[in-house]
Amino acid sequence: MEDIILIGSGGHAKGVIDTIERQNKYRIVGFIEKEENKGKKYKNYEVIGSDDDLEKLFLNGGGGKKCIYMYGIFRNL
């Protein structure tokens with residue numbers, strides 16, 4: 001099972017989470033959200049970072065993680 005990080009926890013997040021959980025292909029690590037939301041949870045998944053953390057999470061040693069950017073569009077994985 002691959003790790004995945006969701007960017008944004010707005011209105012589409014619930015449907016995206018439900019789909020990911022049903023597929024059982026990815027393990028949701030958490031969300032990237034606004035700095036003031038760090039540590040909060042949405043559907044039992046924690047906000048693990050903000051936009052400022054993206055480079056650290058994906059480029060510097062965070063390789064192998066995938067992300068879904070939720071901004072009003074959802075595509076099948």
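# Meeting the core and its neighbours

Student: Which residues make up the largest nonpolar core?
Tutor: A nonpolar core is a set of buried Ala, Val, Leu, Ile, Met, Phe, Trp, Tyr and Cys residues joined through side-chain atoms within 4.5 Å. Buried means under 20% relative accessible area, exposed means over 50%, and partly exposed lies in between (1.4 Å probe, protein chains only). The largest such core has 11 residues: Ile-4, Leu-6, Ala-13, Val-16, Ile-17, Ile-20, Tyr-26, Ile-28, Phe-31, Tyr-45 and Val-47.

Student: What kind of model is this, and from which number are residues counted?
Tutor: This is a predicted model, in which local features need pLDDT of at least 70 and side-chain atom pairs count only at pLDDT 80 or more, while totals for chains, interfaces and linings use all residues. Side-chain values use heavy atoms, leaving out hydrogens and water, and residues are numbered along each chain, as its sequence is written, from 1.

Student: Which element gives the most to this core?
Tutor: Helices (H or I, at least four residues) and strands (E, at least two) are DSSP runs, numbered from the N terminus. β1, α1, β2 and β4 (45-49) each supply at least two residues of the core. With four residues, the greatest contribution comes from α1.

Student: How wide an arc do the buried residues of α1 cover?
Tutor: Helix α1 spans residues 13-23, and its buried residues are Ala-13, Val-16, Ile-17, Thr-19 and Ile-20. They all sit on the same side of α1, because the arc they cover around the axis is only 165°. That arc is taken from the directions between the helix axis and the C-beta atoms, and its value is 165°.

Student: Which residue in β4 does Phe-31 stand opposite?
Tutor: Two strands pair if DSSP finds at least two bridges between them. β2 and β4 run parallel and are joined by two bridges. In this pairing, the residue in β4 that stands opposite Phe-31 is Val-47.

Student: How is the aromatic pair of Phe-31 and Tyr-42 arranged?
Tutor: Rings of Phe, Tyr and Trp (its six-membered ring) pair if their centres lie within 6.5 Å; planes under 30 degrees apart count as stacked, over 60 as edge-to-face and the rest as tilted. A search of the whole structure finds one aromatic pair. It links distant parts of the chain, with Phe-31 in strand β2 (residues 26-32) and Tyr-42 in strand β3 (residues 41-42), 11 residues apart. For Phe-31 and Tyr-42, the ring centres are 5.9 Å apart and the planes 70° apart, so the arrangement is edge-to-face.

Student: Which residue's side chain makes a polar contact with that of Ser-9?
Tutor: Ser-9 lies in the loop between β1 and α1. Contact means heavy atoms within 4.5 Å, and, not counting residues up to four places away in sequence, Ser-9 touches Phe-31, Glu-33 and Tyr-42. A polar contact is a pair of N or O atoms within 3.5 Å; within protein, one must be able to donate a hydrogen and the other to accept it, and residues adjacent in sequence count only if both atoms are side-chain atoms. At 2.9 Å, the partner of the Ser-9 side chain is Glu-33.

Student: Which residue in the hairpin turn has a positive phi?
Tutor: β3 and β4 pair in the antiparallel sense over two bridges. These strands form a hairpin with two residues between them, and the turn residue with a positive phi of about 50° is Lys-43.
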